[in-house]
Structures are given as structure tokens and as C-alpha cells.
Amino acid sequence: EAAIGGSVNFLPNSIDFNNIFSKAESLNIVFYTVISEWALYLLVITILNIDWKRLRGNGATVSKKKQLAALSVLPPDRMPAPYLYQITVSTGAMFGAGTSARIGFQIFGSKCKTTAKVVNPEEDALLRGGSYDTIMPLKESLGHLELLHIWHDNTGGGHDASWFLRDFIVKDLQTDKVYQFVCYDWLSDIRGDGQVQKAVPVANQEELGWFSNVFRENVHAMFYDDHLWTSTLV
């Protein structure tokens, strides 16, 4: 037996380059309409994301403070401390998401828990859209990580202290196992739920695959990683 298949291909419309600019007026209308829609869209996005109260506020701003180093090491509680974890703290990218406050946290595992740790003991600022890596040496393994308790001391108060935590990722450098604590919320006494501390359970694979989490990650990557011109704008 033989199978015979076929398809029909239509030739694309030809372009008459001699007369393409004869309707320049209509082409200009379409061009300026598209440009105007894009400009309006960017203007609306900018207005919705600007923290006007923070811009008008008095006192020190987050951007004027020394920024936290991209990589730092937390002092161990006791020596020796051979067991290493890598912590990645990511701040939201919206206006006003950074903070000037000192950030503390405690991690609870199946075997034990850490003492209270401080991400920025010298009150270095965490800027919006930033990711900061920290090495945490411990005496022994925490086991399977289960819960993150995170807070800040509200230094500076109000909008300067308000912080939007995107996520808090912990990697066991001995086993390469990664634990992700997805917060995506404000730690602030004037925004969100008005609380400066959160208890965040570790996210499982099902939760990481939820549409809302995937959508946020794709949008963040699209605007801040993949497109250079939009990353500088927003």
C-alpha cells in the first residue's frame, strides 16, 4: 500500500515597491497609532508602579545608603562550622521594594533550627530588583528545610523600611538540594497586611508549578533579564 499526501501552498501577496509609498498618509496614521499605544501603555505601567509617597518623603532614602554586597558570609555561631548553605535573597522589582532596615531570619529544619541570623548587620541597603547571595556556615545539617521566619527591625520607618520580599532560596552545598521559600509580599507596617515579619513554608514542586508563580517568574525574566531596554526603564 502507498500513502499519498499533498498540500496546497499559496503564494504571498507581491509588493509593488514602485507604489508602496503612494499611500504614505495612511501608513503614517497606522505607525503613529501603534507608537501612541505603546507610549500610553508604558506611561500607565510607570504611574501604577511609582511609590509617590516615598518619592515625596523626607529623610534618607534607600538608594543613598551603602548597598549590600552581592556575596557575603555570615559569621558562624561556633567553630568548627563545616556545613555550608548558600542563601539567595531576592527583592521585588516594583518601585519602593528596597529597604534600609536590618533583615533577620531563622530557618527550621527536620533535625534542628538556626539561631537568629542577620542578612545585613551593618544596615546595608537592599535595592529593588536585587539578588544577594550569602554563605551560612553551620556546625551540622538542618535536615529537610521546612519553614522560614523572616523579619526586619523597621529601621528608618515607613516607606524607607518597607520591603518587598520576592523569594528566599537556600541551597545545601553538600547535597546540592535547593529549597525555595516564595513570599512575594510586603514586610511593612504601612503596606500589605501591616506586618514586618512572615512565616513562609518551603514550596513543593506542585506549588512552584502553579500558574501564578510561573507567570510571575516569566514576566520578571522577560522584563528584567531578556530585554535590556525594558530593564533600564522599569
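Tutor: Start with a term. Two strands pair if DSSP finds at least two bridges between them. With that in hand, take E2 and E5: they pair in the antiparallel sense over eight bridges. Keep in mind that this is a predicted model.

Student: Which residue in E5 is the bridge partner of Thr88?
Tutor: Asp133 is the partner of Thr88 in E5.

Student: What joins E2 to E7?
Tutor: Seven bridges, and E2 and E7 run antiparallel. Gln86 has Lys171 as its bridge partner in E7.

Student: How many of E2's nine residues are buried?
Tutor: Seven of the nine are buried, so E2 counts as mostly covered.

Student: Let's zoom out. How many helices and strands does the chain have?
Tutor: The chain has six helices and nine strands.

Student: Which strands form the open sheet of five, and in what order?
Tutor: The order is E1-E5-E2-E7-E8, and the pairing is mixed. Strand E1 (71-73) and E8 are the edge strands, each pairing on one side only. From one strand to the next, the twist averages 20°.

Student: What holds paired strands together in general?
Tutor: Strands of a sheet pair through backbone hydrogen bonds, either parallel or antiparallel.

Student: Back to that sheet. In which sense do E7 and E8 pair, parallel or antiparallel?
Tutor: Antiparallel, over eight bridges. Phe168 has Phe181 as its bridge partner in E8.

Student: What about the open sheet of four strands? What's its order?
Tutor: E4-E3-E6-E9, with antiparallel pairing. Its edge strands are strand E4 (117-118) and strand E9 (197-201), and each pairs on one side only. Inside it, seven bridges join E3 to E6. Phe105 stands opposite Ile150 in E6.

Student: New topic: the core. How many residues are in the largest nonpolar core?
Tutor: It has 28 residues. Those with the most contacts inside it are Phe105, Ile107, Ile150, Phe168 and Phe181.

Student: Why does Cys112 count as partly exposed?
Tutor: Because its relative accessibility is 23%, and buried means under 20% while exposed means over 50%.

Student: And Cys183, buried or exposed?
Tutor: Cys183 counts as buried, because its relative accessibility is 16%.

Student: What share of the chain is buried?
Tutor: Buried residues make up 32% of the 234 residues. The accessible surface comes to about 15,000 Å². Carbon and sulfur atoms account for 59% of that surface.

Student: Last one. What share of the contacts with a separation of 6 or more is between residues 24 or more positions apart?
Tutor: They account for 75% of those contacts in the chain.

Terms used:
Residues numbered from 1 in each chain as written. Predicted model: local features only at pLDDT ≥ 70, side-chain atom pairs only at ≥ 80, totals over all residues. Heavy atoms only, no water. Core = buried A, V, L, I, M, F, W, Y, C linked by side-chain atoms within 4.5 Å. Buried < 20%, exposed > 50% of the residue type's maximum accessible area, 1.4 Å probe, protein only. Helix = DSSP H or I, 4+ residues; strand = E, 2+ residues; numbered from the N terminus. Contact = heavy atoms within 4.5 Å. Areas by Shrake-Rupley, 256 points an atom, 1.4 Å probe, with all protein chains shown as cover. Axes fitted to C-alpha atoms, helices over the stretch in contact; angles between N-to-C directions.
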